[in-house]
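Keep the structure open beside you as you read.

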Amino acid sequence: MHALVVTAHPDAASFTHAVARQVIAGIEAHPGHTTEMADLAAEGFDPRFTVADIALFNRRGAADAGVLAEQRRIDRADLLVLVYPIYWWSMPGLLKGWIDRVFTQGWAYDDQPEGTTVKRLGRLAVQLVGIGGADQGTFARHGYADAMRTQIDHGIFGYCGAPVVGSDVLLHADAPSREKVLHQAFNIGSRLAAAAPHGRTAPTGYGPEERRAPV
Ligand SMILES: Cc1cc2nc3c(=O)[nH]c(=O)nc-3n(C[C@H](O)[C@H](O)[C@H](O)COP(=O)(O)O)c2cc1C
């Protein structure tokens, strides 16, 4: 399995980056599995949706080179892991812009004239790791974790047919120490590698494209 681990935090010394490194360490603890880190902030990814992006969405233009490069990077992976700080009960704007621009019509999904959607990312497993500063009680009381799963897991990846194999919210306020959260992150990576077959194969049980009514 090859995993692309995407982070969206401006500071490489942040807790978010430390969590991402532990997920990678957990995956690479299993021989035969490889990883690649995409640090969107360090790479200077521009999250602003452009006129060209709209033209592509409306099938009146081609994807720009930067967007194509991001899609090729995802195409090389069997597993996409998003590790991000929770900002306003969702992902940071940088990561949202990456999804807006890269998960395009024609590559991630195809809306059909008759109203159905071809889901194109059935081969890509997805693991979400959100890191929050609030405590579990706050998340539970307001249903924030469910809201995030509806929007992100179902709304984005479900729409594209990409199976979400794990969705974790790590809250350092609740943990006895940040080390405990880093340990959880290592275990997430380790679990993903242990569950995946060796080599360049999508996880078992997840087929290629499916054709379903829009969600
Ligand atoms: C703009 C902003 C919005 C935030 N919104 C939330 C939030 O909605 N829920 C939450 O639990 N934490 C929130 N936080 C706290 C971050 O999730 C927390 O600072 C982060 O996980 C700590 O990791 P870091 O050291 O990598 O920044 C927010 C922080 C910032 C800067």
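**A covered helix, ring pairs and a helix crossing**

Helix H5 (93–102) is mostly covered, with 7 of its 10 residues buried; buried means under 20% relative accessible area, exposed means over 50%, and partly exposed lies in between (1.4 Å probe, protein chains only). Helices (H or I, at least four residues) and strands (E, at least two) are DSSP runs, numbered from the N terminus. This is a predicted model, in which local features need pLDDT of at least 70, side-chain atom pairs count only at pLDDT 80 or more, and totals for chains, interfaces and linings use all residues. Residues are numbered from 1 along each chain as its sequence is written, and side-chain values use heavy atoms, with hydrogens and water left out.

Which residues of H5 are buried? They are Leu-94, Leu-95, Gly-97, Trp-98, Ile-99, Arg-101 and Val-102. Their cover includes strand S1 (2–7), helices H2 (40–43), H3 (51–57) and H4 (65–75), as well as S3 and H7.

Now to the rings. The structure holds 7 aromatic pairs; rings of Phe, Tyr and Trp (its six-membered ring) pair if their centres lie within 6.5 Å, and planes under 30 degrees apart count as stacked, over 60 as edge-to-face and the rest as tilted. One of them joins Trp-89 and Phe-139 edge-to-face, at 5.3 Å centre to centre with 75 degrees between the planes. This pair links distant parts of the chain, 50 residues apart: Trp-89 is in the loop between strand S3 (79–85) and H5, and Phe-139 is in helix H6 (residues 136–142). Trp-89 counts as partly exposed because its relative accessibility is 29%, whereas Phe-139, at 3%, counts as buried.

Phe-103 and Phe-157 also pair edge-to-face, with 5.8 Å between centres and 80 degrees between planes. Phe-103 lies in the loop between H5 and strand S4 (109–111) and Phe-157 in helix H7 (residues 144–160), so the pair ties together parts 54 residues apart in sequence. Phe-103 is buried at 6%, and Phe-157 is buried at 0%. Ring pairs link Trp-98, Phe-103, Trp-107 and Phe-157 into a cluster.

The axes of H1 (residues 15–28) and H8 (residues 178–195) come within 6 Å and cross at roughly 35 degrees; axes are lines fitted to C-alpha atoms, for helices over the stretch in contact, and angles run from 0 to 180 degrees between N-to-C directions. Among the residues that meet are Phe-15, Ala-18 and Gln-22 in H1 and Arg-178, Val-181 and Leu-182 in H8, where contact means heavy atoms within 4.5 Å.
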